[in-house]
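Please have a look at it before reading on.

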Amino acid sequence: MNAWNHTNELKFMLMGLTDSKEIQLVLSVLFLLIYLVTVLGNIGMMLVIRLDAQLHTPMYFFLTHLSFLDLSYSTVITPKTLENLMTSIKNISFMGCFIQLYFFVLLAAAECFILSSMAYDRYVAICNPLHYPVIMSTRRSHALIIVSYMIGAMDSSVTVFCLSTLNFCNSKVIHHFFCDTFPILALSCGDTYDAEVTIFILAGSTLLLSLITISSSYVSIISTILRINSSSGKHKAFSTCASHLLGVTVFYGTMIFTYLKPSKSYSLGKDQVASVFYTIVIPMLKPLIYSLRNKEVKSAVIRVVKKREGTQRLK
C-alpha cells in the first residue's frame, strides 16, 4: 500500500537493540545517563559562550549552533529509544516515524556544513589573519549558518519524500531502534532502486562536498603552519584546530561507515552499534572534546564562575 494513503492506520514497530530484559535495563540506565550528560554538556557550552564576551567570535558562534544540533538530534532519537527499552511500547505511527527521520536527516546534514564552516573559519584565521575580521564578518557567519540549515532541510525533505512514496504492504517491523533510512527501505515490498539512488546521491553529495571543504581548508592550514619558523607558533596554530579536527574525524567516520554503501549491505549488528555511537554517544562527547581540549573554553568557564561568585558576594 502507498503509505500516505494510510497514515491513520499504519504503524511501525521498532524492534530496538535487544530482546533481553536484563540488557534492556542496563542500556536504559546507560543511555539515560549519557542523555543527561549530553543535555547538560551542550546547554552548558551554549551558556558559557553566551555569557563570556571573549567567546563572541565566529568560531564560537558556529560552536553554539553545533551544540544546539547535537542536543537536538540526540533529543530526536534518545527519548523514544528509552521508551522502547523501559516499557513494552514499541509502536511508532507512520507520521511519527517520518517526523523523526525528517529532523534527524535535517540536523545531521546541517551539522556537516557547520563543521565545514568551522574549518573555513580556521583557514581564514590561520592563512589570512589580517583579513579575518572582514572575511568572517557577522553577516557572512549568519549566511553560512542559514545555508547549512537550508541544505539540511532540502536533504531531509527529499529523503522523506522518496521513502514515503514506497509501498510497504504488510511490513511493519523496523529492525532498528529509530526510524532510519536503510531499515525503512528494507520494509518496502516494491522496487526501491530509484529511491536508493536518489538518497545515495544526496547523502554522498552532502558528505563529499563538506569533506572537500574541510580537507582543502586543512591542507592550506597545514601548509601555512609548516612555514612558521618558531615551534611555539606552530604549536599554537595546531592547538586552535585540534578539537575541531578530532570532532570531524569522529563524526564523519561513523557517518561514512553507515550511509555511503548500498542498503543490501546493511548489517543489523554493526550498523546498530555505529548508529548508537553517532546518535547517542557522539553528542555527549562533543562538549568534552571542545572544552577539555580548548584552553579558551576552560578559561571562559573559570571567568563565568568567578563573575557569578562576585555577583553573589555583592548581593
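Which residues does Met118 touch, not counting residues up to four places away in sequence? Met118 touches Met59, Phe62, Leu63, Leu66, His244 and Tyr290, where contact means heavy atoms within 4.5 Å.

This is a predicted model, in which local features need pLDDT of at least 70, side-chain atom pairs count only at pLDDT 80 or more, and totals for chains, interfaces and linings use all residues. Residues are numbered from 1 along each chain as its sequence is written, and side-chain values use heavy atoms, leaving out hydrogens and water.

Met118 also belongs to the largest nonpolar core, which has 77 residues. Along with Phe12, Phe98, Leu115 and Ile184, Met118 touches the most other members. Helix 3 supplies the largest share of this core, 18 residues. Such a core is a set of buried (under 20% relative accessible area, 1.4 Å probe, protein chains only) Ala, Val, Leu, Ile, Met, Phe, Trp, Tyr and Cys residues joined through side-chain atoms within 4.5 Å.

Now for the annotated segments. An unreviewed UniProt entry places the feature "transmembrane region" at several stretches, including 23-48 and 272-289; such annotations may be inferred rather than shown by experiment. Here is how these two look in the model, with helices taken as DSSP runs (H or I, at least four residues) and strands likewise (E, at least two).

Conventions. Buried means under 20% relative accessible area, exposed over 50%, partly exposed in between (1.4 Å probe, protein chains only).
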